[in-house]
Amino acid sequence: MIEPIIKISNLCKSFGGTKATNDVSFELKPGEALGIIGPNGSGKSTLINLISGFVKPDKGQILFKGINITGMAPHKIVNLGIARSFQMSRPFYNMSVFKNLIIPISSPRARKLRGGKYGDLDEAAIHLLEEVGFERDSQVPYKEAGALPHGYLKRLELARCLALEPDIVILDELFSGMSMSEIASVVPLLERIKKEGKTLIMVEHRLTELFKIIDKIIVLNFGMKIAEGLPRDVMTQDEVTSAYLGSEVKTGA
Amino acid sequence: MRTNLSHRKERIDRGIKVRSDDIFVLASMRDLLYVILPKAIVILAMLILPLLKDVVGMYWLNVLVTTLVVILLALSWDLLASAGLVSLGQAFFFGVGSYIAGYLSFKFGWSPLFTIPTATLVGSIICALFLYPVLRLRGIYFGLITFALPLLLARLIEATKVLGGTEGMSALPPIPGMTGKLYLLMFVVLLTLFGFRRLISSNYGLVFQGIRDNDRAVIAAGYNIQWYKTQAVFIAALPATFAGAFVAHHFQFVGVPAFAMDYSILPLTAVVVGGAGTFIGGALGAVILMPLSEILREFGSLRVVIYSLLLLLFSIGLPEGLFKYVKRKYSQIERLTTMEEVKHD
């Protein structure tokens, strides 16, 4: 049996009186892809923030490769191998696009994995941009990042995660605001990342595209896990449809 | 279908700028001068000015010392700002440097040769330790703490009468010779200026800029930003504490005025006038403002009014700063272009 790469048990977090995450547990094996869905405000982003360490949990435990990372500083979690993207992709505005990637490429983790100073960092950055769909010969990688259109920013965000060579990639609404063709160009990349044995956790609203990639899905509502399983099975459950579409009004008849 | 003609301004690089961009610049004397002259004038001026004691007189050489000190503080401010730390209290760094040099000299009789390097290094470490707890704060909150620190330390020294209390420590050994003194200062200014410019464009400096633009993304790349900010404070404190230690021996006195607001505000105004983020901007601002404020002394109390008006004019009229403006004029021309606007009815 393969040991789970990440094991989350009974995670709880409240903001004031709101239980943003309420007793959530799940585990993932290496190479698995998990989709987290749920209506707005159902605690998807909080769950991601808890895993990546940006928010400390009130209760519960997160084990990553057997190491307890509950409440660990976010940069330490990254260096262990969990990279995340942000829903609002804010680049380093005043730097050119490829310089944006120099920061993750020369980060402690990436430097350790790449081994010393081999290879030109700028070249590595351009290469990575090409992988997520920036045209190498165009001017785009040399433009100021603040001037990029939204779809490019999202892909830059993805490149920034991949630069860290993580074991788990957490993507917070990567597809939102991307055009169909942009999504179509990213999906094969995500499938390849999965094949390389990296674990994916994706928060998404674009379900059709999400289902092409993931193996397993978790549905959150009011901070609680209301369903877990294969996408096809989960989406037909009554509780899930009512969370998404609202429950039918029961008339007295 | 109608067509409207509209005009708009467009900036294009000067021919000479484009020609002098690569190795062929060596083929033409004029192109070569275009590239070298701006830098050469600055360096020549720095080499010649200290020798002009008989021409400009001691008074103006002292103004020059103050100007160079403000440049050092402005450079220090600019480096902090490029890591997203807006300091309103450069006097803190200055005062710490001053007091350490003064104390070592007053108490143990050390010569300036030892007190200045020690005060620079130890002072910068102390400044970094002092600011470490507040580095979590961003923007104006960090600024307010730095604003309060020099005031706090000055009152503390007055109240507890340590380190000479209100009287301060006087009769410190001077640095001999005005010319040598000026050359030392200029050397440090140039070293800091070019060093900082190099540092901030290196991969290491990129992390500072990243923290300024989006600190969460830097954390998400696995950097301990608290530690990087501490390093930024230490590096930025080096020229400022040096300036403090230098001035202590220049005036042969250290006292509460080392924490005076002037040392916080003058570098800030220099950067406002010259332009932030370029390092040279702050230096240019100081070179203009410091002598100007001396000239304005003739106007008595109107001095502050004129000075403030000028500052207002600069921050409204040239928000990008004088340096970026001059640089643009030097390398680009503006011209009107005619655009055809096609309207489909």
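Biologist: Does B:Thr192 count as buried or exposed?

Modeller: In this predicted model, local features need pLDDT of at least 70, side-chain atom pairs count only at pLDDT 80 or more, and totals for chains, interfaces and linings use all residues. Side-chain values use heavy atoms, without hydrogens and water, residues are numbered from 1 along each chain as its sequence is written, and chains are lettered from A and ligands numbered from 1 in the order in which they are written. B:Thr192 is found in helix α7 of chain B, helices being DSSP runs of H or I with at least four residues and strands runs of E with at least two, numbered from the N terminus. Its relative accessibility is 9%, and the classes are buried under 20%, exposed over 50% and partly exposed in between (1.4 Å probe, protein chains only), so B:Thr192 counts as buried.

Biologist: Which residues is B:Thr192 in contact with, leaving aside its neighbours within four places in sequence?

Modeller: Contact means heavy atoms within 4.5 Å. With those neighbours set aside, the partners of B:Thr192 are B:Leu72, B:Leu75 and B:Pro239.

Biologist: How many residues of helix α8 (residues 203-213) of chain B are buried?

Modeller: The buried residues of α8(B) include B:Leu206, B:Phe208 and B:Ile211. They pack against α3 (97-105) of chain A, together with α3 (53-82), α7 (178-201), α9 (215-220) and α10 of chain B. The helix is largely enclosed by the rest of the structure because the buried residues number eight of the eleven.

Biologist: Why is α4(B) described as oblique to α10(B)?

Modeller: The axes of α4 (residues 90-108) and α10 (residues 225-251) of chain B come within 6 Å; axes are lines fitted to C-alpha atoms, for helices over the stretch in contact, with angles from 0 to 180 degrees between N-to-C directions. Angles under 35 degrees count as roughly parallel, over 145 as roughly antiparallel, 65 to 115 as roughly perpendicular and the rest as oblique. α4(B) and α10(B) cross at roughly 50 degrees, which makes α4(B) oblique to α10(B).

Biologist: Which strands of chain A stand at the edges of the open sheet of six strands?

Modeller: The order is β6-β7-β8-β3-β9-β10 (chain A), with mixed pairing; two strands pair if DSSP finds at least two bridges between them. Each edge strand has a single partner, so one side of each is left without a neighbour in the sheet: these are β6 (82-84) and β10 (224-229) of chain A.
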